[in-house]
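Please find below a colleague's note on the two-chain assembly, written for reading alongside the sequence and the coordinates.

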Amino acid sequence: MSDTVQQFLLLSIVGFPLCAFALMAVFAWQGRRRVERAVSTAVVLAFGLAMASAIALACMMLGGGQRMVTVSVGTWFGTGESEFHLLLVGDRLSLPFAVLTALLSGLIGVFSQRYLHKEPGYLRFYMLLALFGAGVELVALAGALELTFVGWELAGLTSALLIAFFHERRKPVEHGLRAFLTYRACDVGLLAAVVWLHHATGSSTVTGALAGTGVQGDSGWAGFQAPTSTWDAFLIGLPLLWASMGKAAQVPLGGWLPRAMEGPTPSSAVFYGAISVSLGPYLLLRTESVWSGAPAVRIAIVAVGALTAVHATLVGRAQTDIKSTLAYASMTQIGVILAEVGLGLRYLALAHLIAHAALRSAQILRSPSLIHDHHHLEQATGRPLPPTGRYLDRLVPAGTQAWLYRYALERGYFDAWLRDHVVGGLARLVRRAESLDDRWARLLSTGWTPLPHTGARTEPAGLSVAAVTAEGEGRGETTGRGEQES
Amino acid sequence: MSHLDTAAGPAVEDGSAGIADLVERAAKLLPDQAPLQTFVHHNTLHAFEHLPFDEAVVSAARVFGTEPFQSEAAFQGFVDSGRIRPGDIEAVVEAEVSSETPLVPGGPTPGRFHAIRLRHLFEVPRGAALSWLLLETDQRTRFTERLDAQRRVELLAQARRDWTGSAVPEPGARALQAQLLDTLWNRLEKAAPHLRGTGAPSPRRRDQILATTGTDTDELVHPLLIRLSAAFLDQGIAYWPMPERGQGFLHAFRRLYGQPGGPPDRFLRGLDTELRRQETEAWTAERTVAWALRELAVPEPEWGAAIEATLLSLRGWAGMMRQFEHRPDRAPVEAHAARLVDYLAVQLVLDAYAARYAMVGYLGPHATVADLDRLPGPSGEPPARPVLELVYEAFVLAQVMPVDMAVFAEAGHATAWLEAVASCDETERRRLLHLAYERRHRVGVLDALSAHQQIVGGATQVTPPARMQAVFCIDEREESLRRHLEEHFPQAETYGYAGFFGVAMTYRGIDEIRARPLCPVVVTPQHLVVEEPAATRAGRHAVPRRGRGGLSRGFTVGSRTLARGSVITLGLGFAHVVTLVGRCLFPRLFHRWSQRLDHGTGAAPVTRLALERAATATEEHGDGLLRGYSVPEMVGVVSAALRTTGLGRRFSPVVLIVGHGSSSLNNPHESAHDCGATGGGRGGPNARAFAAMANHAGVREGLRDLGTDIPKDTWFVGAYHNTCDDSMTYYDEDLIPERFLSSVEEAKRVMAEACVLAAHERCRRFESAPLDLPLDAALAHVESHTVDLGQPRPEYGHATNAACIVGRRSRTRGLFLDRRAFLVSYDPEGDASGDLLTNLLLAAGPVCAGINLEYYFSYVDPAGYGCGTKLPHNIVGLLGVMDGHASDLRTGLPWQMVEIHEPVRLLLVVEAEPERLTAILDAHAGLNRLVANGWIQLVAWSPVSDAMHVFTRGRFLPYTPEDAVFPMVNRSAQFYAGNRGHLGFAHAMAAFETVLPEGTSPETIFPGTVPSETAELSEAIPSTRVSPEAVPSGTAGNEPASPMAHVQEVP
């Protein structure tokens, strides 16, 4: 009896937001205009109920001394040797995170009711909020890595769409696309990890943590079955790290985070300041049992986290707009959390994650009041606010100072590197291959002289080869622009 | 970059001589908006004021790529809803379009043509859409759907007459239509002008490169330029300031980007060496500009245009650089050595590199920017083709208008028709519709004034003797408060006077760390007034608050760093769950608690203004400011106010001087809601200073010498009205002599009650408030708008402002003006020479017009002139807002502030004879420019008769009222109840002695309009006014008999 109740509660944490989304999607599909209040109430109610379920479940588990509740929604498919289960798990890792997600999303739902009042995209915002919430809850509660992937994708897609919320302007769309591309590039990691985990262990569902499979000591929450060889652990851990780097905006992929501040302030607050970036460390926490066998992965995680923290704190100090400043502050803390995860301080990391999400959301929500607050702060201190960063003057020689400042102002040059050397390099490689192709074509079909390369765009492309040339270049261009700064 | 080096060797004359002038000329077009802390409304198109309004908006639209008027679709909506009436269109066309001979024989005259055209607003599809329409639909063979039956018969008759096919069998209607229309189309197409090219090319290289290569160099340059500008101007957001910014923008840029190992961006290759070279050779900014323009191969005659286009490409930032250059005193924290030419030099250098990079990418490694001129255009010259859009429009109109199709057989007539169609193009139609739209508003106001005059002039309306007087700012937001005060307490008299009350001072409050001017922007203050703790309890609050301030600062800064951030996050992060829950769910309660935690519950310290300066003391303190006012100066200030407003004629026991301001969270544009007359500051201190002056014994003596006797039993009290939450603060209450206490208490009480009523009226505009909001919930509602982080509409500010009435309050008392009119008190009887009026108009005219026009433009083009929706705004540098993380600095007003505005030009009604106004205009060129060029609509309202004269094309023409409908109600609430939109005008009887007997329904003296149903509100606000006997007399502690007494319980 109590098992059934618990399983129902567990399911409803994901179910309520999903239902809210489905409900609105149906209405939107039918083209019916709903009054604002009905839309927001549905979403807020869904998150409220999801949070209540999560809290109730946590209380029941605490009361009963249970450490883990699972519910299987069924099997997606099975092929004799391996099966893909749709499994949800509630334990002391997933439930706090689920409560946090539902709480923040619900609060943002209430907040946006006033904030987005009379905004044409009101319904769209709430639909995306509900779907995002459902996606994150899925990641939080998933007991199978495939299911994590589903939630991961939902969260990623909705994030990108929310960045591009004001799609009548060009920049938000560009930046949404940029975030989406980063996510996609990194999602490959998660997919690879799923495949390799299946290959190595035959299963991608969680097992009881207390079984102690490969995890030293009491990890306290459900973990995946650890691969037996260090090599396998390394091969799974590294893609997992890659996957989480994109979502968590870690070096060198973090350029999308400040750009994500294009949407309405409440969505920036909850997604890019708090929940969305937390998914990276969360994934690593959940899969700790898998990669903890490979010290190299541990070192890599700590290195990425530490590098990001140092980079972001440097860069954040030169930012002159409040949202970028807060974005880099988030990046800094997420870097620290990642390092904590790598060092095995898992409870500290979880606490840090939740505390950070609350703090940062509150700060971003307050960001439009900055001028007001600055004035009051001046009044409260009774003098002009003291300049910051003075110790830089004292400690660092002048030449290095300017160099460091330029590094910060240019955001570590990562964007330029990515644009001009990685993506641009790829584009140039394609172009070179294409001109080789050209030469081949000339060799094979004598009597026709290929067009000079640079003229390809001004001359009408007569042959399919030339058409491909032009098209390839066009593609290089678009990607280049998508990656561009600002 | 050897190429760049050779271009400007030391031998080349640097050509920088004329650059400064060119920059200066271009700078006039930049937005003139100060940092957001000192937001002052101004005419967005200040640079175009020398042109007539309609010419100016059109040419500005060309320069900035903006909209001149509201869209045609919006006007169509107004025509449909009756906001614009057919009569308005007729009247406007008659005045604007000369109408003599018909366009074509038997056809309409130009005037008729315009009038019909404006009734048929249809969208003319362009390009591919038009091709589709012509090729795939039966548009060319079938009459348009806009035909009425009569015209249809007429056309068919013409078709039958001109039928050329075989007569047997009788041709069907379809065939007739097809032939007639086909002939028409062919004739028009043959006569249509041919178009080649798309006009003059842009002088800017970036535009040419974009058109030719498809690469937008601004995509490379702007992000960098935005970052640099923001870093340079930053007022304290960044933890690290930009190094060496004290020596100017160009210098700082050279130092940062001149270091070796520069950014890896490919387009910046070679920049570091070039910058080092320029720095070594100590190039001035002008020389750098000239060099870059040569690099960009811009021909020298086009430099001016290129500079203008370059600066306008990121005009928000360029404008802010200029603001810092010209008005360093307005910098919120610290004015850096900004120069616009430095900024231009940096932009052009980057432009030059980006342009070369784009050309190299397009043509190969040896390309230069000059090669662009040798390339063919984007896709060669487009072949000349007839302007099909025009033909289509003429084709449809020929069907609609009363014209015989046969006349188009003659090519000259077809051409004349096409010309007529082209002359009534979209811009012209919008202009005429705008005039019709304004006309309806003007007629509404003037008719209401004259109808109201008929009532007030009658003997039935008597104003009771004043028991209190209150002087407010002229701000149209105070209109409702004044009206409610008079309706609720008819023994109150109100006056409107510019909200700095003549006290043009620089002021430093006890909490403030720097002094700021509190006077109109055009005035340079000469006096410094400081608020000081009163001797008794000096500095009691100073110490603990400071400690808390430091702590709060440490937390804010620390939470963004690495180590401190981790500790703070872990330590205090969970506490923020409480903050979040509170802010999101209970914004008002939570704000109250946090205020209490922050400031404690103790009363504010008792303070005094250091106002008086000994007459002989002229000591300078190095800042050119006098410390306080001498008695003669005070006499001057007070006397001017009393004479201008007419307050000096009689005094009540209590005179309130009410300044105003606004405070709100989640609002970067907070200061835009403050008092315009104090230069975007809060007018409380001015009111306080004025009251103190008027109470000063020496000043009263001085006034007596000038003929104004303030009696002993009159006391002035300064007050401050927060227009956002409708709260009142009173100053220096401890100085009020005992004998006035009861009168002051009464004044405060009725004022508080009027605030509730005014708040309730404001709530009707907020969709968040139900239309049947109970009266006692109104204050709570407006207060929650003030403190809610999630509320992008703290108040609607000046939105809906449309008129300004300069004259005696007795002529507007009891008139419901819907918070849309600035009310300036002016007593024509005390102004024989006209000097007072001149001063009033010189101050109020430009200020009100500035407010009005800023709202006009921000509404008409929210993205081009305004700063768009608030939702993605991001505060940068404590100066302004950007959209998202790196955009141009957005100037103008956000959409949430203007969304309910009606974009009409200010209707300035002045109680004076036309001759006097003409004389004033002739003597003051600045004012004349505004009026003659039509930036303001001016009306002379005779002080003796009720005649009105409207200023039209250089002279005053008499006005005859046309609308004979004027609603009459007991109280304002009856009129506005149940409505959100703009209302007309009405007479509220409660402001006078005579009222309708209890129980009778509101009437109209002119039949035709009965105010909308008065709902529950008329019950909440008793339709009977407080009878004089019920008002507590003189003694304190009386039972408050007002029916509104319960509002006092509302905290």
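The numbered points below go from the basis of the model, through the chains and their interface, to individual residues.

1. This is a predicted model, in which local features need pLDDT of at least 70 and side-chain atom pairs count only at pLDDT 80 or more, while totals for chains, interfaces and linings use all residues. Residues are numbered from 1 along each chain as its sequence is written, chains are lettered from A and ligands numbered from 1 in the order in which they are written, and side-chain values use heavy atoms, with hydrogens and water left out.

2. Chain B has 36 helices and 23 strands, and chain A has 18 helices and four strands; helices (H or I, at least four residues) and strands (E, at least two) are DSSP runs numbered from the N terminus. Of the 1051 residues in chain B, 58% are buried, and of the 486 residues in chain A, 60% are buried, where buried means under 20% relative accessible area, exposed over 50%, and partly exposed in between (1.4 Å probe, protein chains only). Among contacts (heavy atoms within 4.5 Å) with a separation of 6 or more, residues 24 or more positions apart account for 73% in chain B, and the corresponding share in chain A is 75%.

3. The interface brings together 96 residues from chain B and 102 residues from chain A. Between them the chains bury about 8,900 Å², 60% of it on carbon and sulfur atoms; buried area is the accessible area (1.4 Å probe) that two parts lose on being put together, summed over both. On the chain B side, Trp240(B), Leu871(B) and His885(B) lose the most area to chain A, together 11% of what that side buries.

4. Polar links across this interface come to 35 residue pairs in polar contact, both residues being at pLDDT 80 or more. A polar contact is a pair of N or O atoms within 3.5 Å; within protein, one must be able to donate a hydrogen and the other to accept it, and residues adjacent in sequence count only if both atoms are side-chain atoms. The elements of chain B that give two or more residues to this side include helix H11 (218-233), helix H17 (340-363) and strand S16 (873-876). There are also nine salt bridges across the interface, each being a side-chain nitrogen of Lys or Arg within 4 Å of a carboxyl oxygen of Asp or Glu. One of them pairs Arg227(B) with Glu410(A), with the closest N and O atoms 3.3 Å apart.

5. The backbone oxygen of His117(A) lies 3.1 Å from a polar atom of the Arg793(B) side chain, while a polar contact of 2.5 Å joins the side chains of Arg793(B) and Glu899(B).

6. Glu899(B) also forms a salt bridge with Lys118(A) (3.5 Å, N to O). This pair crosses between chains, from the loop between helix H32 (895-898) and strand S18 (906-910) of chain B to the loop between helix H3 (94-115) and helix H4 (122-141) of chain A. Glu899(B) is buried at 14% relative accessibility, whereas Lys118(A) is partly exposed at 32%.

7. Within chain B, Arg339(B) and Glu286(B) form a salt bridge whose closest N and O atoms are 3.4 Å apart. Arg339(B) lies in the loop between helix H16 (315-326) and H17, and Glu286(B) in helix H14 (residues 285-295), so the pair ties together parts 53 residues apart in sequence. Arg339(B) is partly exposed at 34% relative accessible area, and Glu286(B) is buried at 17%.

8. The largest nonpolar core has 303 residues, and those with the most contacts inside it are Trp317(B), Tyr343(B) and Val806(B); such a core is a set of buried Ala, Val, Leu, Ile, Met, Phe, Trp, Tyr and Cys residues joined through side-chain atoms within 4.5 Å. H17(B) gives the largest share of this core, 15 residues. A second, separate core of 42 residues includes Ala191(B), Ala414(B), Trp417(B) and Ala420(B).
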